[in-house]
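Subject: Structure for you to look through

Hello, I am passing on the structure we talked about, with some notes on what was found in it. Please open it beside this message and follow along as you read.

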Amino acid sequence: MALIKELDTGTPIRLAATTVTLTIDGQEVTVPIGTSVMAAAATMGTQIPKLCATDMLEPFGSCRLCLIEVEGRRGTPASCTTIAEDGMVVRTQTPKLAKLRRGVMELYISDHPLTCLTCSANGDCELQTQAGAVGLRDVRYGYEGENHLDAPTDASNPYFAFESSKCIVCNRCVRACEEVQGTFALTIQGRGFGSKVSPGGTDFFSSECVSCGACVQACPTATLNEKSVIEMGVPEHSAVTTCAYCGVGCSFKAEMQGDKVVRMVPYKDGKANEGHSCVKGRFAYGYATHKDRITKPMIRETITDPWREVTWAEAIDRAASEFRRIQASYGRDAIGGITSSRCTNEETYLVQKLIRAGFGNNNVDTCARVCHSPTGYGLKVTLGTSAGTQDFRSVAQADVILVIGANPTDGHPVFGSRMKKRLREGARLIVADPRRIDLVKSPHVRADYHLQLKPGANVALINAIAHVVVTEGLVDENYVRTRCDLNDFETWARFIAEVRNSPEAVEEITGVPAADVRAAARLYATGGNAAIYYGLGVTEHSQGSTMVMGMANLAMATGNIGREGVGVNPLRGQNNVQGSCDMGSFPHELPGYRHVSDDATREMFEGLWGVKLQSEPGLRIPNMLDEAVQGRFKGIYIQGEDPAQSDPDTQHVTAGLRAMECVVVQDIFLNETAKYAHVFLPGSSFLEKDGTFTNAERRISRVRKVMSPMAGYADWEVTQLLSNALGYPMSYRHPSEIMDEIAALTPTFSGVSFAKLDQVGSIQWPCNEAAPNGTPMMHVDRFVRGLGKFMITEFVPTEERTGAKFPLILTTGRILSQYNVGAQTRRTENSRWHEEDVLEIHPFDAELRGIADGDLVALESRSGDIAIKARISERMQPGVVYTTFHHAKTGANVITTDYSDWATNCPEYKVTAVQVRRTNRPSDWQAKFYDEEFSLKRIGGYLDAAE
Ligand code: SF4
Ligand code: SF4
Ligand code: SF4
Ligand code: FES
């Protein structure tokens, strides 16, 4: 593997259909109108020297190194700011230009430390390269005059250093922070010779910087440089792979020295991120080689015994023989499994295959159960397919953006940056969220309306918006008539027009002023292309599925599905949550969302798998746990998932796990669920295996192995070993063969193969004969289900109610530096930003309870209580408190209830009635957790590693 070098055209290549043809150095070149001469030259292989230009940014024209001569024009214009024109004749290499460029470069070098040989960027520095390119051999001015050579270094950021003595004030970092990331954390302070880059007058760590890395990427010198490069040196080889954190699915070049990752560099050709990144994918990959990794299989008789390291053969044999024993004693359906949205499509497919074909039942479920299962249900019923409608790029065409129950700048940061860019260009914004998320007001972005609704009132709000559309004559009648089922529409329109659904009637329920709802509804319906983006603030409710259908109703009624800039778009949580659903992880569906009761589908699978399949849906996760508590479900195989921490009502989850006779956990770390396990099978990180992930826009991207599995096997190989031990033979030699099988059995994947992905980079499903290049946008001429189906979305309040004992509502979420339950990010320097979970509480509620910022408080619900530090914050409205659930010791899910979505059982994490009061001690659960944690480590022999 060589180091992959991407072409930098200096300025962006424009996408216009109209082209112009010009002549550069005697050669004709045709480019889209609006392209710079610099970029036009780059496309024909001519690199004009440059310093302030890079193709991620708009041209700036400050360094004067890229000068050219244009026939018929006076002077030597900068090629980065000169737009290519038809018939233009350009010269990029003349003695005059060479002299001018050398002169410019000489000035830069005269104020630059000449320490190239010992510089961390030696060999990977544009200043060094360009000095060579312009032929600079000497500096005439000497180095004695006034200079910046003693300027300080800011090493406060955990991942990159700012060595300001090397800065050439090209402004690329400042512009990257503004144009690409949209954070505006950097400025140029001072003027002329005194100008310098500043993170807002403080250090990087304390500044507004969100560590996305865009400035580091843009910097042409070693001024902004990864600390890993400073420590390890420049990388030697690289491979393109996909981030293993969130559902944006950013592409990265894993740049390596031997089998060590030197850095992860966002890949410009990655269609989901187009060269951008966030702190997690860019920098927080250290967990993959963390000392906590378990690399030896382990078994134990009971969950109070110490773990015993064993060979792979022994561990697999134990798991298989226990599963067979349980089935012989308690019946075929007494075992099941959970697939992982962290693992690849191929691994997920294999686990559900093992369960359906090897276990002989449909007791398979996935962690999507607890996040986006209502998306699958709601969009399938209304539109016909369980996935978002658009590609990410589509947001650039949106005129009105409605963000509901999502926090893109924290949860899906790279997409958040795209969205902010469009908003800065003038798109209008409506935010519906109980919390004042950053998008409501951030640099150069301000929501037109923040509908700060009460948790649990989503359906009432979406109905009220739709009521305005229907009763004020804002329905796109032509669209509805031609694209949707008219009978269903009319029934729905009558329902939604009822006065009880009006903004005024539901004001009490939603807490949102009716006038704001009316104004927002008018804006959504009449403002041009209107796009909905939503997250777990929609799905994790007892009416999650109803709300998804409510959004689909609204989009259909206003004609906002089926073209660029519109749609209903779930922002998926985990890297492969879309893929794990696609791959048949739900108990009622085979891969491709086909119901297990469908005879023809089952027969197809039976033919290839060589077994008879059950036609009845199996158990969902909560049902498996209920059955375990009842003594009827006895064994489970859990790959890459930690229900003991991530699922609601922890006591119930652990009671279920405790009641089982064989819990097999496969993970990279000894997670919370492993406390209840009898067999532990070491997992492999995304760096250690080949496969694919599917992101929130249905984009299938390659995951590429850059190091050997630390425990000897990739996850798919372990599943295969287990299947073989169970007597159901599997003999895949490579994940590509698994994908071939998926393609053979799944019509929406029939055109997908590793060879094709290697050729084109990534593909959005459906990819088949009808759409050989994939499908960026769904439902273009007709809905997948035929006619769009309007559904009645009656508002039914959650049974979780506030009252005198529990007067506040708790809602949960994640923040930028943290990732879900923290198995990964807790084991990285990201912990420096937020070392613990805190409870955000409004000053009014805090004062009422005598709570000061930083006080330890007891957070109590009907399910349990925990102690947590309070942070006074006006992001919440009075009556609502908020926390993250990143740290196991916090036990946030001890207090969440077991209410769930009526259709899919997705837990209602977002609404828990609670009371908050000051305390001075941990809760009983936390005290027990600390005890168990200590004893677990002691008896497991992992005390040293954990300390
Ligand atoms: S890392 Fe990102 S947010 Fe921070 S200064 Fe650089 S570009 Fe701005
Ligand atoms: S830090 Fe780098 S990108 Fe920023 S102005 Fe200095 S040299 Fe240019
Ligand atoms: S936005 Fe998501 S996929 Fe992209 S780098 Fe960040 S965590 Fe990874
Ligand atoms: S690259 Fe054109 S002026 Fe700097």
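In what follows, Ala, Val, Leu, Ile, Met, Phe, Trp, Tyr, Cys and Pro count as nonpolar, Asp, Glu, Lys and Arg as charged, and the others, Gly among them, as polar. The model is predicted, so local features need pLDDT of at least 70 and side-chain atom pairs count only at pLDDT 80 or more, while totals for chains, interfaces and linings use all residues. Residues are numbered from 1 along each chain as its sequence is written, chains are lettered from A and ligands numbered from 1 in the order in which they are written, and side-chain values use heavy atoms, with hydrogens and water left out.

The shell around ligand 1 includes F160, C177, Q181 and L186, and by class it has nine nonpolar, three polar and no charged residues.

By an automatic or database domain assignment, the protein is divided into domain 1 (19-93), domain 2 (126-289), domain 3 (311-367 + 576-764), domain 4 (380-570) and domain 5 (808-936). The centres of domain 1 and domain 3, taken over C-alpha atoms, are 54 Å apart.

Best wishes

Notes: Near = heavy atom within 4 Å.
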